[in-house]
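Work through the exercises below with the sequence and the model side by side. Each task is followed by a solution in steps.

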Amino acid sequence: MSDHPRDRFDLIPDAAAEASFLDAFDKGRLHHAWLLCGVEGSGKATFAYRAARRLLGAAPDPSRGLLGTRPDDPVARLVTAQSHPDLLVLERAVEGGKTKKSISVDQARDLPEFFSKSPSRARYRVAIIDAADDLNLNAANALLKVLEEPPECGVLFLVTHAPGRLLSTIRSRCRRLAFPVWPLHALENLVRNQTGVSSGEAVRIAGMAAGSPGQALALASGATLEADQLAQAWVAAPAVDRAEAMAVADRFRGAEGQERFEILMDRLIAAVKVRALEEGASGARWAELWSRLSELPDRAAAINLDRGDVLAGALSDLQRTKAGA
């Protein structure tokens, strides 16, 4: 998988967004809450960490863009180590190897206490919510209370893939920065420069990434690329090799099994979606399969189904779709 956004120093998500933020910062007109909007993987969280490092006092490094800093800067190292006392990050918690479905109200209640304290090392205290879409209703209301009484020397970054789903009262209290999708040529260059894959592979990955640099980097990583190739082969082949599928299912065991399962199911769903779109008006069966598979990972997690059994069921459904197509 690609690096976490806090570990990215050489990816500039959107130069216009960085210029807009830096202009407000330099003129002393910094808004207390920023709503970072765009498709998933468009660099919103990466921007939030870049801006946070600057607010927390990291020295600028112009070679890495307007908000660039060096990885070995003392402030940057604290952020990377998740140990900076003036930075709070809210994201879905992981318990027992499983990622929670939402950001809880208990997590959101950390915000008022965090902002009630003065900065200990910097001019500002900074909070990043990644993603605000994951806040449950009670957590969203807890956040709203903070936004209604802007903290002194406090700045919030709210990452959102679907701003329309947020409470209107939250949206109205934030300054919005939009992150556009990347053109194909920019994604191709990013993949080549960051991962070293061949030009042909970079073109293929850019085409699959739907304008998202995060998705492009994830697709270019070894595990994701392998899963994508396997999923495409399963969709294209007349029949799925059952022995191969069983061997893949064995990899779902252990601490890393959940991540491997999620990657493979994500790529299988994507491959089925492409097939449904390619079939056009005659692709109703593939569209139905796409819909069923899209719901499967969450349903499996909710009732704790065996991952190998889930994959076997998905592949059986895939085979029935082929037979009826």
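Just after α14, asparagine 304 adopts a positive phi of about 55 degrees. The model is a predicted one, in which local features need pLDDT of at least 70, side-chain atom pairs count only at pLDDT 80 or more, and totals for chains, interfaces and linings use all residues. Residues are numbered from 1 along each chain as its sequence is written, and side-chain values use heavy atoms, with hydrogens and water left out.

**Exercise 1.** Locate asparagine 304 and decide whether it is buried or exposed.

Solution. Step 1: asparagine 304 sits in the loop between α14 and α15; helices (H or I, at least four residues) and strands (E, at least two) are DSSP runs, numbered from the N terminus. Step 2: its relative accessibility is 55%, and asparagine 304 therefore counts as exposed. The classes are buried under 20% relative accessible area, exposed over 50%, and partly exposed in between (1.4 Å probe, protein chains only). Step 3: the positive phi occurs although asparagine 304 is not a glycine. Most residues other than glycine have a negative phi, and most peptide bonds are trans.

**Exercise 2.** Find another positive phi, and a cis peptide bond.

Solution. Step 1: cysteine 153, also not a glycine, has a positive phi of about 55 degrees. Cysteine 153 belongs to the loop between α6 and β6 (154-160) and is partly exposed, at a relative accessible area of 40%. Step 2: aspartate 130 and alanine 131 are joined by a cis peptide bond with omega of about 5 degrees. Alanine 131 is in the loop between β5 (125-130) and α6 (137-148).

**Exercise 3.** Describe the course of α14 and its packing on α15.

Solution. Step 1: α14 (residues 284-302) has 19 residues and spans 28 Å from first C-alpha to last, close to the 27 Å expected at 1.5 Å a residue; the expected span is 1.5 Å times one less than the number of residues. Step 2: at leucine 296, shortly before proline 297, α14 has a kink of about 35 degrees. The bend at a residue is the angle between axes fitted to the seven residues ending there and the seven starting there. Step 3: Trp286, Leu289, Leu293, Leu296 and Ala300 of α14 are buried. These buried residues pack against α11 (222-236), α13 (257-279) and α15 (307-324), where contact means heavy atoms within 4.5 Å. Step 4: α14 and α15 pack at about 175 degrees, with axes 10 Å apart. Axes are lines fitted to C-alpha atoms, for helices over the stretch in contact, and angles run from 0 to 180 degrees between N-to-C directions. The angle therefore makes α14 roughly antiparallel to α15, a label for angles over 145 degrees.

**Exercise 4.** How do α9 and α11 cross, and which residues meet?

Solution. Step 1: the axes of α9 and α11 come within 13 Å and cross at roughly 75 degrees. That makes the two helices, α9 and α11, roughly perpendicular, a label for 65 to 115 degrees. Step 2: Glu201, Arg204, Ile205 and Met208 of α9 meet Leu225, Asp228, Gln229 and Gln232 of α11. Step 3: the side chain of glutamate 201 also makes a polar contact with that of arginine 204 (2.8 Å). Such a contact is a pair of N or O atoms within 3.5 Å; within protein, one must be able to donate a hydrogen and the other to accept it, and residues adjacent in sequence count only if both atoms are side-chain atoms.

Technical notes: Angles under 35 degrees count as roughly parallel, over 145 as roughly antiparallel, 65 to 115 as roughly perpendicular and the rest as oblique.
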